[in-house]
Amino acid sequence: MRQLKLSVILLLIIKLNLSAQTGLINKFDLQQNDLAITRLAQPNQYMDKIGQKAALLGFENGSFEMWIWPWKVLRNFEMQFFVGTTTQPILAKDILRDISVTPEATTLTFVYESFTVKEIIFIPHDKAGAIILLDVNTTTPLTIVPGFMPVMQPQWPAGIGGQYSYWDDGMNAYVISESQQRGLFLCGSPVAQQMAAPPAHMFADNPIQFKIDIKPGDAKNNFIPIAIAGSAVKTKYDSVKTLYKNLLSNIESLYKKNYEYYQNLRNSTVEVITPDEKLNLAFEYGKVALNNLMVDNATLGKGLVAGYGLSGGGGRPGFAWYFGGDAFINSLAMNSYGDYSTVRDALEFTQKWQRQENFPIRKKNPTDKVIDVGKMAHELSQSDGLIDWWNDYHFGYNHADTSPWYLVSIGDYFRKTGDLEFIKKSWKSIVQAYKWSLSKDSNGDGLMDLKGAGLGVLEFGSLVKIFNDNYTQSLWTQGIKEVNLMAKYVGDKEVEDETTKLFPKAQQALEKIFWIDDLGFYSFGAAEDGKQVRDKNIYSSTPILFGLYDQQRSVSTIKKFNESDMITNWGVRNLSNKSSMYEPANYNYGTIWPFTSYFIGAAQFYTHFNLQGLETIRKTAQHAFDYGIGIVPEVFSGDINTKLGEAYHDQGFSVSGYIFPMVNGLIGLEVDALNNKITFAPKLPADWKYLEVKNIKIKNTVTSAECRVQNGEMKLLIDVNSDKEIEFEYNPDFELGVEINSVMLNGKKLDSELVKHEQAYQLKTNFKAKGENELVINYKPSIGIYLLSSTTPIGATNEGLKIISQEYNGNKLIIYCEGKPNRNYELGVMNFELIGKVIGAEFNEGKIIINIPGSGEEFIKHDVVIEKK
């Protein structure tokens, strides 16, 4: 037996040595991952793989461009195959079969009659490089020929000359650099052979190629590795060769570290389990997409970029540079599920570029007066250092809304983490941003305005730089509230007293300026003379999610926004299609941004329009499966369910568009570390029987909550992994008309209050919890309706039923809706045994069938009345 073991070990050593000598990598098993999404590949569909120092951006056909920040190393990387001695190439894109995506790696499968090649792509999350593993099964000799166009171009708006490439026989790789060697990169394989001799000191007009020869059986137990790696700053070539070799010699461990990195992200942040498996999956991929916005630039540091996309022949890879506003917007989504360390890093990065007296924009003359001290930066190219971004370009500080967003973001971080040390360290920065924003109140009404401040939410068109911008001013008002809270804990009595007086003043001004009484909704903006914009605009929902507006008026506004001129089957228009300014493909005046679901979705849930809020989330999350897998494009047509041509492919705040309202609204999760309190206010659809939320972090305590509903009983199981008590509020929504019979916590009666909102009833409870707890609510059910889950095909137009609102009156449930005439629309119904009569629709087999009489293609308002027995 001992002899046999020695023989096996000896054979293994021989096998490892042979693989090392040939440059092949011993096959290892890829991790099983229940987040894997596999489908037929779409050759012209965008895909990417992202790390903190590098990004591979391309198409599902295998063609890609490679960035090692801030350098675009190469583009049009493609493979072709030659069978036997033939000279006829088989293009990889022509034999593409399927794609399989996990957070850690993407696999493309190419199938031909005599071979199969699986291309496994991953970016080590903290390394300046990419790994491609070819898993080859061939019955005949096969030659694989990768080729690419070397680029060596820094990110927009920088530009250089003197690029070159050459083949290094010792590395079996092409060297790509420029005359000053401010970046130096390698692309090749240990088994590669040179096929091209690029001209000295310049790039060729055609792709440079290398080849890999494979005999049947050679790769049976091995992967063929290809690596792209290098240094984004000036360094010695030996250092780059060492990095390149280290990547190739540690491929399996780097892959496993990638898998562990994303598993840790999943298991250390909030995980949501609902009956909607697609929504669960979109949530996890949303966390990955947001985490992948963190870029560690070798010169500038670590911060959040806005998104990614193809640059083609240029130097703009989507919005893959640092945007302050995007970072702050996305931070609220990331805070909501507990990725606090990433948010802190992002906040610290933005503080580095806050405007000071002579930095980063230098005075042209020593006597120049700087009026923008404290203003937060809007954007920063990753090529700063190769260019003088702040002084030679005018984009850095052109937005006004970035500074109040900073106050909102850092305040939200503080409440959720209790990180007082960081707030004290940041206090000078916070006060400067607050003072700058305050200085932009030109008329003394308590609200900063856009006069001399910069851009608000819009960047062009007739409403750009409107004096009163609801979006910016509501952020400022919420920012005052956050500064007031932080000042109390820091002990800055002067700022605390000032903001205590300023907040109600600003809030009253918001109400006065923006409410349109005859139309029943809040305006997008108003001119300096008070003239209001009278078109519905989605950004008016921003203050509603923060609770800054009158409750009844907020409900009225959301009712108006639930109508068909705003709501579509694939998202919410930013402007009513009844507006004279409406253009369905206009970036700011008629399109659908998944990003705006952030505001309208959260506002719908805040006002308890729960059916509509869920629909907003679902339709936005669907885009994570329709285009690049697990990511969401920037902007869509307002009339047709399709991404606009100008829209970038992987936009961070598009993902936040469903993540934020999902956590804050649908799940109703709020962590208050300052008061050691968790609020769990779920708004379960009538057909959901369970909801589970894991990994809720409050300081060092981790809590999970599981809610189950059956036959007039709602049971909440809470597990707090601490002997110390936390305060817990459980405030679930129920359908209109329910009656609460009893509320018991761990077998004892618990005091509660039933609040009858216009669109839902909400039970409110408050208690202390530690260890395992069980809360049981017994209630008399009422009739509950729900929207059936559906998928809107790409290319579809707006056809679906719109539920505007509900009303419970005596024993009647009234549904106010909109639809197109002579179509059958279906609504699900729970507790349908309680139905006595239906007016305006038919009841059939547990569903309400609505067919609105009329003619034409326009939406028609319609009422359905459901009478109880």
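Mentor: Happy to. Start with β3, which gives the most to the lining of the largest cavity, with five residues. Strands here are DSSP runs (E, at least two residues) and helices are runs of H or I of at least four residues, both numbered from the N terminus. Before going further, a word on the source: this is a predicted model, where local features need pLDDT of at least 70, side-chain atom pairs count only at pLDDT 80 or more, and totals for chains, interfaces and linings use all residues. Residues are numbered from 1 along each chain as its sequence is written, and side-chain values use heavy atoms, with hydrogens and water left out.

Now the space itself. The largest cavity holds about 250 Å³. A cavity is a set of points on a 1 Å grid over the protein atoms alone where a 1.4 Å probe fits but cannot get out, and lining residues have an atom within 4 Å of a point. Grid points are joined across faces, edges and corners, and the volume is the space filled by probe spheres set on the points. The lining has 25 residues, and D48, K49, V101, I629 and I631 are the closest to the centre. Two or more lining residues come from each of β3 (46-50), β8 (96-101), α3 (251-268) and α4 (277-291). By type, the lining divides into 14 nonpolar, six polar and five charged residues. Here Ala, Val, Leu, Ile, Met, Phe, Trp, Tyr, Cys and Pro count as nonpolar, Asp, Glu, Lys and Arg as charged, and the others, Gly among them, as polar.

At least two lining residues come from each of β23 (322-323), α5 (324-337), α6 (340-351) and β24 (379-380). That lining divides into eleven nonpolar, four polar and one charged.

Stepping back, the chain has 17 helices and 51 strands. Of its 869 residues, 63% are buried, meaning under 20% relative accessible area with a 1.4 Å probe, protein chains only. The C-alpha trace spans about 85 × 75 × 65 Å along its principal axes.

Technical notes: On a 1 Å grid over the protein atoms alone, a cavity is a set of points where a 1.4 Å probe fits but cannot get out, and a pocket is an open set with protein on both sides within 12 Å along at least five of seven lines; lining residues have an atom within 4 Å of a point. Buried means under 20% relative accessible area, exposed over 50%, partly exposed in between (1.4 Å probe, protein chains only).
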